[in-house]
Amino acid sequence: MQPLIKDQSVAVLYFENMSNDPSQDYFSAGMTEEIIARLANIPGLRVKSRQSVMQYKGKSVPAKKIARELGVGSVLQGSVRRQDDKILITVQLVDGASEETQWSMRYDRELRDIFEMQSDIAQQVAMKFDLQVSDRTKKKLVTPPTNNFMAYDLYLKGIADSEMESGIGSALYTRKAIEKMKVAVTLDSGFSDAYARMALMYTVMAANEQMPDIWLDSARIFSEKAIALEPDREQGYIALATVLFLKGRKDGLITYGWNRTPSSMLFGKAHPL
């Protein structure tokens, strides 16, 4: 049995798509980001951001080099093979100094079990670092972003669309992404992360259109909707912070005008697109 890991920091590399189908890249990327998000909820564990690990995507770089460059003690690597309604995930936690495997697992399951697998990986990593997980944190780890796989799949495809064109999303790809998010929240009206991502996409459109108020106002509505649905998930707050920052830049102010009409009165308002 491997000893517990003392340096409680980790970089989650983008999982390799082993499906022999480049169109499935969005799914393996989404798998990676969800695991990063879940691990980031564990108090005491320092997790590198997705932006930090993006530079290693699709490259064969020794774990020791990655750990040194990112300043972490461990590296989590994995691969995803999706075929029809089946999914095969392999994952391993590698020590950044010795490059020894600290923990590994192979999941051969039904596609509908994807959220359980993501949760299990996060919990297993927490145990390996000997981190105590409170009931509240465990709830975050085991609660899926949605129970509707079709909505989740569209959500991941939308994220992939929005990150086309140098990672910021051209107007064309962002519009495609927004349409996918709209269908996702139609399939699951309680899908908080989809509302949050849609809000971020609206801020991209605001920037592309020289930040007209209608885009930013709509983005604020969606971000507040996300927060109202899931106060413990961070995506809605990230989206709202982005809206406030852009609104502040546009108006030359630091804060947004909170005395405006409450978003609860605006959910029926027509939005762009």
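Are E224 and R220 buried or exposed? Both residues are buried: E224 is, and so is R220. With that pair as a way in, here is a friendly tour of the chain. The model is a predicted one, and its secondary structure comes to 10 helices and 6 strands.

**The chain as a whole**

- The chain has 273 residues, and buried residues make up 48% of them.
- Among contacts in the chain with a separation of 6 or more, 63% are between residues 24 or more positions apart.

**Salt bridges**

- The structure holds 16 salt bridges, and a few of them are worth a visit one by one.
- Back to the opening pair: the side chains of E224 and R220 meet in a salt bridge, at 3.0 Å from N to O. Because E224 and R220 are 4 residues apart in helix 9, about one helical turn separates them.
- There is also a network, in which salt bridges that share partners join E34, R38, D193 and R233.
- E33 forms a salt bridge with R197, and their closest N and O atoms are 3.3 Å apart. E33 belongs to helix 1 and R197 to helix 8, so this pair ties together parts that are 164 residues apart in sequence. Both E33 and R197 are buried.
- D232 forms a salt bridge with R136, where the closest N and O atoms are 2.9 Å apart. D232 sits in the loop between helix 9 (213–229) and helix 10, while R136 is in helix 5 (residues 135–142), so the pair ties together parts that are 96 residues apart in sequence.
- The two partners in that bridge fall into separate accessibility classes. D232 counts as partly exposed because its relative accessibility is 39%, whereas R136, at 55% relative accessibility, counts as exposed.

**The largest pocket**

- If you like pockets, the largest one has a volume of about 870 Å³.
- The lining of the largest pocket is made of 33 residues, and the closest to its centre are R50, Q51, E163, R197 and L200. R197 is also the salt-bridge partner of E33.
- Which elements give two or more residues to the lining of the largest pocket? They are helix 1, helix 2 (50–53), helix 6, helix 8 (192–208) and helix 10 (235–251).
- Helix 8 supplies the largest share of that lining, with 8 residues.

- M150, V183 and L187 make a nonpolar surface patch of about 270 Å².
- One of these residues, M150, lies in helix 6 (residues 149–162).
- M150 has a relative accessibility of 57%, which is over the 50% cut-off, so M150 counts as exposed.

**A buried loop residue**

- Q24 lies in the loop between strand 2 (16–17) and helix 1 (25–39).
- Why does Q24 count as buried? Its relative accessible area is 16%, and buried means under 20%, so Q24 falls in that class.
- Leaving aside neighbours within four places in sequence, Q24 is in contact with N17, S19 and R82.

**Loop residues with positive phi**

- As background for backbone angles, most residues other than glycine have a negative phi.
- D84 has a phi near 55°, a positive value in a residue other than glycine. The place of D84 is in the loop between strand 4 (74–83) and strand 5 (86–95). D84 is exposed, with a relative accessible area of 69%.
- E99 has a phi near 65°, again a positive value in a residue other than glycine. E99 is found in the loop between strand 5 and strand 6 (101–110).
- Is E99 exposed or only partly exposed? At 37% relative accessibility, E99 counts as partly exposed, since that class lies between under 20% for buried and over 50% for exposed.

Methods: Residues are numbered from 1 along each chain as its sequence is written. This is a predicted model: local features need pLDDT of at least 70, side-chain atom pairs count only at pLDDT 80 or more; totals for chains, interfaces and linings use all residues. Side-chain values use heavy atoms; hydrogens and water are left out. Patches are made of residues with over 30% relative accessible area and no salt bridge: like charges are joined within 9 Å, nonpolar side chains (Val, Leu, Ile, Met, Phe, Trp, Tyr) within 5 Å. Accessible areas come from the Shrake-Rupley method with a 1.4 Å probe; for residues, only the protein chains shown count as cover. A salt bridge is a side-chain nitrogen of Lys or Arg within 4 Å of a carboxyl oxygen of Asp or Glu. Buried means under 20% relative accessible area, exposed over 50%, partly exposed in between (1.4 Å probe, protein chains only). Contact means heavy atoms within 4.5 Å. On a 1 Å grid over the protein atoms alone, a cavity is a set of points where a 1.4 Å probe fits but cannot get out, and a pocket is an open set with protein on both sides within 12 Å along at least five of seven lines; lining residues have an atom within 4 Å of a point. Grid points are joined across faces, edges and corners, and a volume is the space filled by probe spheres set on the points.
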